[in-house]
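Let's take a friendly walk through a protein structure together. Have a look at the picture first, and then we will go through some of its parts one by one.

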Amino acid sequence: MIDKRLFRLPGTKKLLLMLAGLTLLQAFVVLFQGKYLAEALVNSWEQKSLQTIIYPMILFASAFILRHLFNLINTKIVENYASKTSETIRSKLLDKIYDAGPEMISDEGTGNLVTASLDGIDLVENYFKLIFTKLMNMSIIPPVLLIYIYTQNIASGITLTIIVPLVILFMIILGLAAQSKADAQYAQYTILSNHFLDALRGLPTLKMLGLSKRYAKNIYTVSDEYRRRTMNTLRIAILSTFALDWLTTLGIAILAVFLGLGLINNSFPLFPALVTLILAPEYFLPLRDFSNDYHATLNGKNALNSIFEILERPSAAKNETLKDFAWDENSKIDINKLQFKYNGVNEDEVSLDISKLKLTGYQKIGVIGKSGSGKTTLIRTIGGFLLPDQADISINGQKVSNFKQQNWQNKLTFLPQSPYLFSGTILENISFYRPNATLEQIKKAAESAGLEDFINSLSKGYETQIGEGGRGISGGQQQRIMLARAFLADDRHVLIFDEPTAHLDIETEYALKKPMEKLFKNHLVIFATHRLHWIKEMDYVIVMNDGIIAEQGTPEELSEHNGAFSQLIKNMRGDQL
Amino acid sequence: MNFFKTFKSDTWVKPYIKQYKGLLITALILGLLTSFCAAALMFTSGYTIDKAATHPINILLIYIPILLTRAFGIGRPVFKYIERLKSHNWVLRVTSDLRTRLYKTLESDASFFNEHHKTGDIMGLLSEDISHLQNLYLRTIFPAVISYLLTIIASIALGVFNRSFGFFVFLLLFLEVFLVPLVSVSIESARRAYQKSVKSDLYVQLTDNILGVDDWIISGRKVDFKNLTASNIQNLDRSQNKSKAFRRNRDFLLQLIFAAMVVCFLIFTNLTMTHNQEQANFVAAVVLAIFPLSDAIIPVSQGFEEWPTYRDSINRLNTIKPIPNNLPIQKELKPQNFKDISIENITFEYNSSSPILIKNFSQKIQHGEKLALLGPSGIGKTTILQLILGDLTPQQGQIKVNDLDISQIQVNREKIFSVLNQKPFLFNTTLLNNVRLGNEQKSDAEVKRAIDRVGLKDLVESLPDQYNTIVGENGSRFSGGEQERIALARILLQDAPVVLLDEPTVGLDPITENDLLETFFDVLKDKTIIWVTHHLQGINHVDHVVFMNSDKIEMEGSPKDLYKTNKHFQELYQMDQGL
């Protein structure tokens, strides 16, 4: 029921103690509330004057108010705890994303992580309320009341004791039945429930096919079918609430009848009977509260579970700290026996097995291969985004086992296939690697990337908002902003490109070629591409196939014989004019 | 007050209240009966005990209250159970109507998609809006209406015995079910709106954090990475804590009012019902009966909390209006009679404030001709396809099919045109059903033959469910190239004489792209093709190439001629081929 990991969160034990105390107090005021109400009612029943009920009435009202005051304090404590804990978790989650980084993101999915850190944490708050308040109420209030009822009337005590296990038994049986029924229909069910959204998104397609008018009837039919099935499942699903309701109200009814008969037989006076009757609904209340929200809060439990799973992922990085160095024309990297395997959900990812690879000075290295050959995996490993399972790497003579080294990564500029622009101004995006750069320097970088005219055409110039929610800009301009970023970061001498022009139209690509070639100077370039013209700019080529290096050498060497390189080029080119 | 203003010109909530009136009234009556039984159970139990305590000589005297106690004890859960089923049933029925209506409204407005395809997932939003309406009924309207009815009935019932006490109780209940909810909505509305906007900012920032994590790591700016969201999280937290405190205090206030009500009942019963024993036997009954009512009364305020969300949904739905059909008299054009498409000097702008997108563009496409359209992104290539289809109308010039204006053949347009997009849409159903959408008349064998022609036979037959494989959401079960092929099979069944291809191979690797283009031009060889593309791969398949730039046609001609005569084309082609 309770996730044991909860106790490891700071402040949990203290919270539990405080709540236990508070709930115990609450149990007693509930008891007093019933007791004094019963006293007042008995006095009225005995036809006594208003004066005689004033005292019990005031006590009843005070108990009633205190009860809700305690409830308020209780909620406040839990809510404060929940929001503090959520913040701790969220902060840890961000640390984790930064440290375990891209590999984790590819395993968990971006959507999952954003949802986990926003909506997931809200669900967790509800879960805390269920676990801490409602569970505590359920385990403290009914026993206190029950003990008191036993002291007043043993038969009622026994009746109430027997009902609870019955309730729980029924709820489990019916809950399981509902579950199995829901499970059996689940696949059909999700398709039906998503059908409408599917139809809306596909509306343009339906229109093209001339089906859109007729399809409206289908929308109704499917929606109605969904209604029918939902009702069928619901009939059973809410049976467990029904059972709870039925047993508890019936319990009260039976109690009333027993008490009535006992009173007729003169076995006991009115007061104990009345107080039992008043306390009976209070006795069942925590159980009903708990079960009402139980299903809703299960989501919270699952959310918490997935957050814990993320937090508990090992951060595999062995931190040999690479000492700082400068990358220049004499620097070199040796990679030997590098092996990497994805262990995520995505089966399509390629594993790597690289036996030998050397990167030196300001070489221009092209990485080519058909899709799925491991190009991206290789350059992401070199970028330090993926950690190899095993590798002998030497960077300028220093031995390391992976590229996730601060002092290596701060030499890099990375340009992916679809660049990610941050929500912010053009200025902020260009100066991302060097937030302290002067406007002068930024303008110069933008000029080198050929962005000048574009920025001047914008009414807000460098202060134009881009990225999510901002102005949408074309793919070519996005890549230029990334290039400007690279020009500005002139202390970074390694460029890693992952098919940066794959999505661009031919003329835009043509126009981008000049600034890119300019950027190549004084840089080690590692360039994954399947656009053939870039190969002419490279002085070394790695041909990837199935995660291994099929061939490597200068383009001239490789094109001399009919090996992997020549084959690939021929296939990529297709028929010619 | 925004609450009433929202409903003033609403057509998405009010009219449906009237629909399925019988079912709605049944659900409301059942809700009322549930509360009534709960109160009556305590009433009869209280009376049973009080009466029994007077030691009546004959047990039969408490027989009826005992019977009633049992009846109400069973009645409450039974009514509640049926009420929940009935109300869900009603809401789901209304949902089916709402969905059909939303669909039909969107269907009538082709331009809606053009305007909105940039603004994220508008379809997702609209379909969520409908679920918000479901919750509006189930969590807000039903409980509120039931509590109002209870208030009125209880006040009248008490008023029969004592008019002024009845009125006094009415005032207290009015506070609980009407005034407090309304005041709390108006206080919380602004705060909710603020929280919503902060939350959507946070969403953007977290997405920045996660999608941009590569750049963050390389930049070494870990502190900035964490600080990015910090201030918004703090603001959100502060505001949410205020909301929570407000909710706690409000609920406490509601309980205080309730306590006052109980005390009033205690005093009232003591003053008026203690003149003889028979009356006094009803004291406990009356007082205990009001306790279960708190279950129906206190949560009303809570039900109103989500109102700002519901209001946004109602407003959004109300802004979508069906577009009246302005088409001229439709003419019939048989597919076999299709001769040519002529685009005559068209000029187009989305609206008067945006720049002119297409200027004086002309082109004539003969039956069987293959035309490629190139140009930088944003230049209006896709817009030209939409103009050809008649989804958009040019401000100047005309587009004709044979001698008919394009607007005259809209009703049976699918007989003339088929379209293949960059991301063809696949419905989350079986492969067979998806392809059959092209022409629902076709037999299984013909559908399978189409799948074979696009080169998917071997792949499909190797799958465990073969042709009945579910394609998944947006076709996710298949790769990009395979999705294109499935959509192509659909077009083969549709068998229209003109095929518009809108960058179907963007984002595919060159080998897949080559194979796909081979298949396209092979199976569509007797069709007229207008192909928007972003580079020159496969350009040898077409008869005519048109390069557009922002103000004119930059160059055009057959690819072979252009390669010989045009230097710029030559450079582009050589770059594309890496020659």
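We begin with residues 252-273 of chain B, where the span is 95% helix and 0% strand. Its end C-alpha atoms lie 31 Å apart. Keep in mind as you read that this is a predicted model.

Residues 135-151 of chain A are 100% helix and 0% strand, with 25 Å between the end C-alpha atoms. Residues 236-261 of chain A are 96% helix and 0% strand, and here the end C-alpha atoms are 37 Å apart.

## A nonpolar patch on chain A

Now try finding A:Tyr150, A:Ile154, A:Ile158, A:Ile162, A:Leu166 and A:Phe170 in the structure: they form a nonpolar patch on the surface. Together they have about 520 Å² of accessible area.

Which helix gives the patch its largest share? Helix H5 of chain A, residues 154-201, contributes five residues. A:Tyr150, on the other hand, lies in helix H4 of chain A, which covers residues 119-152. Why does A:Tyr150 count as partly exposed? Its relative accessibility is 32%, and partly exposed covers the range between under 20% for buried and over 50% for exposed.

Let's move on to strand S1 of chain B, residues 340-348. This strand is mostly covered, with seven of its nine residues buried.

How many bridges link S1(B) to strand S2 of chain B? The two strands pair in the antiparallel sense over six bridges, S2(B) being residues 358-366. You can look for B:Ile343, whose bridge partner in S2(B) is B:Gln363. S1(B) also pairs with strand S4 of chain B (residues 396-401), in the antiparallel sense over five bridges. There, B:Thr347 has B:Gln396 of S4(B) as its bridge partner.

## Two domains in chain A

Finally, step back to view chain A as a whole. The domain assignment gives domain 1 (1-145) and domain 2 (332-573). The C-alpha centres of these two domains of chain A lie 53 Å apart.

Conventions:
Residues are numbered from 1 along each chain as its sequence is written. Chains are lettered from A and ligands numbered from 1 in the order in which they are written. This is a predicted model: local features need pLDDT of at least 70, side-chain atom pairs count only at pLDDT 80 or more; totals for chains, interfaces and linings use all residues. Side-chain values use heavy atoms; hydrogens and water are left out. Patches are made of residues with over 30% relative accessible area and no salt bridge: like charges are joined within 9 Å, nonpolar side chains (Val, Leu, Ile, Met, Phe, Trp, Tyr) within 5 Å. Accessible areas come from the Shrake-Rupley method with a 1.4 Å probe; for residues, only the protein chains shown count as cover. A salt bridge is a side-chain nitrogen of Lys or Arg within 4 Å of a carboxyl oxygen of Asp or Glu. Helices (H or I, at least four residues) and strands (E, at least two) are DSSP runs, numbered from the N terminus. Buried means under 20% relative accessible area, exposed over 50%, partly exposed in between (1.4 Å probe, protein chains only). Two strands pair if DSSP finds at least two bridges between them. Domain bounds come from an automatic or database domain assignment.
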